[in-house]
There are 2 protein chains.
Amino acid sequence: MGKDKEKRQELIKNPKGTRDWSGEDVDLLEDILAQISRIFRRHAGKKLDTPVFEREEVLKGKYGEDSKLIYDLKDQGGELLSLRYDLTVPFARWLAMNANLKNYKRFAISKVYRRDQPAIAKGRMREFYQCDIDFAGASDPMMADSEIIAIIVEVFESLEWSGRYTIKLNDRRILDGLFEVCGVPEEKIRMISSAVDKLDKLPWEEVKREMVEMKGLDEAVADKIQTYVTRKGRKDLLEELQKDETLMSNAKANKGIGEMEILMEYLSAWGALDKVSFDLSLARGLDYYTGVIYEVVTEGSAPVIANGAEVAKETPKQGKREKKALDEDEDRSNDPSVGIGSVAAGGRYDNLVERFRPNADLPCVGVSFGVDRIFSITKARIAKGESFSYVSSNVPDVYVMAFGGGGFDGMAKQRIEITKRLLNAGLKVEFTYKKKPKPQVQFKNAETAGAPFAVILGEDEQARGEARVKEMGVPDGHPEKEGVLVKITDLATEVSKRVEMKKMVSKTGEMTAS
Amino acid sequence: MGKDKEKRQELIKNPKGTRDWSGEDVDLLEDILAQISRIFRRHAGKKLDTPVFEREEVLKGKYGEDSKLIYDLKDQGGELLSLRYDLTVPFARWLAMNANLKNYKRFAISKVYRRDQPAIAKGRMREFYQCDIDFAGASDPMMADSEIIAIIVEVFESLEWSGRYTIKLNDRRILDGLFEVCGVPEEKIRMISSAVDKLDKLPWEEVKREMVEMKGLDEAVADKIQTYVTRKGRKDLLEELQKDETLMSNAKANKGIGEMEILMEYLSAWGALDKVSFDLSLARGLDYYTGVIYEVVTEGSAPVIANGAEVAKETPKQGKREKKALDEDEDRSNDPSVGIGSVAAGGRYDNLVERFRPNADLPCVGVSFGVDRIFSITKARIAKGESFSYVSSNVPDVYVMAFGGGGFDGMAKQRIEITKRLLNAGLKVEFTYKKKPKPQVQFKNAETAGAPFAVILGEDEQARGEARVKEMGVPDGHPEKEGVLVKITDLATEVSKRVEMKKMVSKTGEMTAS
């Protein structure tokens with residue numbers, strides 16, 4: 001039996017690196033997603049919901065060395081399928097299938113899958129949400145790009161993160177140009193670029209050592225790179241670069257810097273310029289970017305806050321299997337599009353759709369919000385006592401009870417009728433599934449459910465067409481301790497009024513307190 | 001090149017039996033899901049969102065012969081995983097993991113996966129949505145059950161299907177009892193039950209032939225079964241059965257009929273009794289039901305309406321592979337919990353959680369809504385000219401343009417500033433990503449986007465702090481054909497007012513028309 005039981009215990013867990021979203025967590029996540037998609041909709045975003053799996057060849061060759069993290073389905077006959085790794089490639093596949101579309105503003109909110117070594121504390125999961133908006137189609141320089149950055153600002157402002165985030169901004173063309181100007185050999189540009197990308201986590205000396213010792217870069221070249229990539233600013237940095245004749249004589253850098261100036265003009269029109277930091281150290285991992293790139297960092301987001309996920313613990317046996325199958329680079333980020341510490345990231349990618357349809361000519365620009373991390377940080381702030389206006393409460397409004405003396409039948413039908421009456425008024429209602437429940441059981445259930453009000457039925461009151469409305473938890477001696485008698489025909493209105501009032505008071509209280 | 005191109009063409013499709021949800025379809029689906037989850041929340045339902053895959057052993061042995069339809073993931077090291085087949089088993093697994101929960105009202109809206117032969121016209125997909133609410137925990141007879149049925153009624157009423165649906169109702173105990181009374185040998189009860197379940201699609205004579213010729217049932221027994229399973233009604237049928245002494249002397253039937261009486265009492269208190277049909281032919285496929293069962297049928301839902309899904313066509317090669325891997329029973333339903341023709345189904349299952357945690361003692365009752373089918377039927381009604389109050393429009397409210405003569409710079413920054421101003425007022429806004437767009441291009445874009453209003457900027461008006469607001473598509477000769485001049489400081493208020501007004505007029509128009 002002991003062994004049998006143990007075996008059964010092993011069954012009841014969710015897969016490693018995943019979590020069940022429940023209770024207040026899933027409600028908070030929903031509130032965050034609702035805020036974000038409301039903003040997407042305002043910017044004329046249209047929703048796209050693609051299948052969780054794609055034909056294997058759709059994903060193949062799109063993610064570089066991270067392709068080993070793709071989950072494949074077993075070959076059970078029929079198509080060979082893989083779970084989606086992000087939302088961008090399925091969007092590109094869909095655009096390629098719909099050749100009539102010349103432009104499209106699409107958003108998507110879905111889970112994606114990475115067969116990575118999970119690290120919960122760092123927010124690295126095997127199944128996690130992405131929340132993306134991307135604009136496909138022609139745009140004069142930086143017009144669509146600036147609107148994506150304006151959306152980022154609107155999202156974090158609406159999530160009440162004002163003053164707590166920075167949008168790091170750079171351009172692949174500036175970066176490539178300055179590497180050329182500094183004398184980085186062409187074949188080393190991508191690897192030097194990814195070394196530079198680590199400057200948010202490592203000091204310059206370590207990054208330099210990587211360049212020189214591991215990647216064989218000339219030390220003088222590295223020193224020249226330092227003079228650029230340690231600089232950040234806004235229009236000031238732009239003006240400095242524009243005065244740098246060597247840099248401006250490089251065609252790529254010149255183009256990138258020229259468009260960065262346009263972008264800053266537009267960002268100031270969007271009221272978003274003060275939220276960005278033009279940061280020459282920002283490089284971003286993915287290969288497919290062709291222009292502007294950005295990444296949103298926030299205070300306290302690095303190291304990432306543990307999110308209290310309900311995650312299955314690793315058994316020693318599994319651990320061993322995993323380690324054989326995956327490398328153990330604990331520092332690899334879960335999400336190449338959202339580096340550790342960043343809560344949103346994106347950029348312009350003009351050639352991806354052409355991977356699926358030659359000459360598609362559908363340049364794209366977009367952003368992906370790391371909602372699991374946004375959730376974790378918001379949850380931690382709530383735990384510290386902060387409140388957010390968009391977070392809704394999902395407790396029932398009212399609990400329907402019945403009390404009576406000897407011979408009391410429990411009034412089950414009457415409780416149902418009253419429940420229905422209150423539901424019809426839009427209230428959230430519960431009652432106890434006992435035919436003859438004791439008063440204390442009903443009170444306990446109402447408390448557990450968190451209902452602020454009770455409607456109490458009694459046979460005598462019912463006969464007079466009345467019921468009692470009582471606020472839960474009012475102290476002894478309060479004039480309404482026993483509740484107030486209300487006509488059943490007025491019950492829905494009366495309860496709704498009290499529920500509204502209570503919500504208003506608690507909101508005002510919060511506002512006064514904060 | 002020809003061959004190369006062909007190969008590339010093959011890449012760009014979604015997996016067989018799946019669809020991309022986009023455009024008006026995904027918006028309608030969202031509106032339907034919002035209506036349903038609003039009702040779930042009112043009944044104190046709490047959301048649960050489990051991973052798309054489960055450890056293989058969690059799903060194993062839960063679906064009888066349909067287990068062959070489960071998608072497995074490839075063994076890439078680590079846990080062996082399978083895609084969820086429904087939302088019920090993951091819920092039971094989660095309940096088993098959370099032993100502190102004595103009761104829980106959970107709802108879930110997610111896609112599920114069946115490696116079945118797709119049949120789009122019948123609504124049989126490999127990836128489709130389920131939308132479930134289930135109450136776990138003790139309930140006196142039929143109290144929780146009646147609330148689930150009340151939820152079904154609320155859902156279809158709120159979806160404006162009034163008068164178009166029937167909830168077929170039966171009880172496993174009544175069915176088992178009547179088979180015993182008719183003399184069906186115990187080992188044949190499940191197979192005779194599934195033959196009876198076909199009475200909604202086949203005439204009695206064919207079902208009888210299946211019982212007698214294929215399943216070896218005595219003909220006299222089959223004839224006795226006929227006297228029961230062809231009967232439907234409400235309290236009238238209940239009273240008939242209560243007078244049937246042979247049936248009432250069977251313990252199971254007696255118990256089931258007694259509780260059916262209680263259920264009807266409660267349904268009448270919920271105002272739901274007139275929506276149900278007590279139907280002795282309803283048997284339902286799944287093994288795990290232990291009490292009341294129900295299924296919602298609707299006019300026109302059989303044969304199921306094609307839903308215009310964007311589904312990849314089968315290539316001959318794939319077809320062959322498939323056919324080797326799957327049997328070809330074209331009549332098998334995609335979803336054992338929602339038979340062809342039904343749009344929701346469920347029942348009581350008291351022992352499932354114990355499969356994961358012995359002595360869990362968490363009886364459950366629930367319902368699953370077939371949202372893909374609800375969507376298809378609603379879409380077909382819209383195509384016929386019906387309208388639904390909960391269906392929202394997602395076109396932009398207003399398109400921001402700029403016109404000018406020679407030397408005109410396109411006013412890109414000003415268009416952005418005005419866009420931002422309108423966005424801040426909660427309006428949905430778009431503009432053209434061209435630095436100097438031609439008027440006709442901007443008008444065409446606004447029309448394509450479906451925006452009812454345009455804001456037109458001009459250099460002279462701008463200098464006076466004014467802009468033009470124009471309703472799109474007003475005929476020549478209309479006094480406001482050229483739009484009206486509005487102060488930029490009043491613009492957001494002015495446009496909001498017109499947008500609201502237009503929405504109200506179009507709503508009233510619809511109401512008058514219908």
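## Conventions and the setting of Gln35(B)

Helices (H or I, at least four residues) and strands (E, at least two) are DSSP runs, numbered from the N terminus. By that convention, Gln35(B) belongs to helix 2 of chain B. The model is predicted, so that local features need pLDDT of at least 70 and side-chain atom pairs count only at pLDDT 80 or more, while totals for chains, interfaces and linings use all residues. Residues are numbered from 1 along each chain as its sequence is written, chains are lettered from A and ligands numbered from 1 in the order in which they are written, and side-chain values use heavy atoms, with hydrogens and water left out.

Gln35(B) has a relative accessible area of 11% and is therefore buried (under 20% relative accessible area, with exposed over 50% and partly exposed in between, for a 1.4 Å probe and protein chains only). Apart from neighbours within four places in sequence, Gln35(B) is in contact (heavy atoms within 4.5 Å) with Ser158(B), Leu159(B) and Tyr390(B).

## Helix 14 of chain B

Helix 14 of chain B comprises the 13 residues 371-383, which at 1.5 Å a residue should span 18 Å, and the 18 Å between its end C-alpha atoms agrees with this; the expected span is 1.5 Å times one less than the number of residues.

Ten of the 13 residues of helix 14 are buried, among them Val371(B), Ile374(B), Phe375(B) and Arg381(B). The cover over these buried residues includes helix 2 (23-42), helix 5 (143-158) and strand 10 (342-349) of chain B. After helix 14 comes Gly385(B), whose phi is positive, near 105°.

## Annotated positions in chain A

An unreviewed UniProt entry carries a "binding site" annotation that covers positions including Asp86(A), Thr88(A), Arg114(A), Gln130(A), Arg284(A) and Tyr288(A); such annotations may be inferred rather than shown by experiment, and their positions are given in the numbering used here, with feature names shortened.

Asp86(A) sits in the loop between strand 3 (81-83) and helix 4 (88-97) of chain A, and because its relative accessibility is 5% it counts as buried. Leaving out residues up to four places away in sequence, Asp86(A) touches Tyr63(A), Val112(A), Arg114(A), Gln130(A) and Tyr288(A). Arg284(A), in the loop between strand 8 (276-279) and strand 9 (292-298) of chain A, counts as buried because its relative accessibility is 3%.
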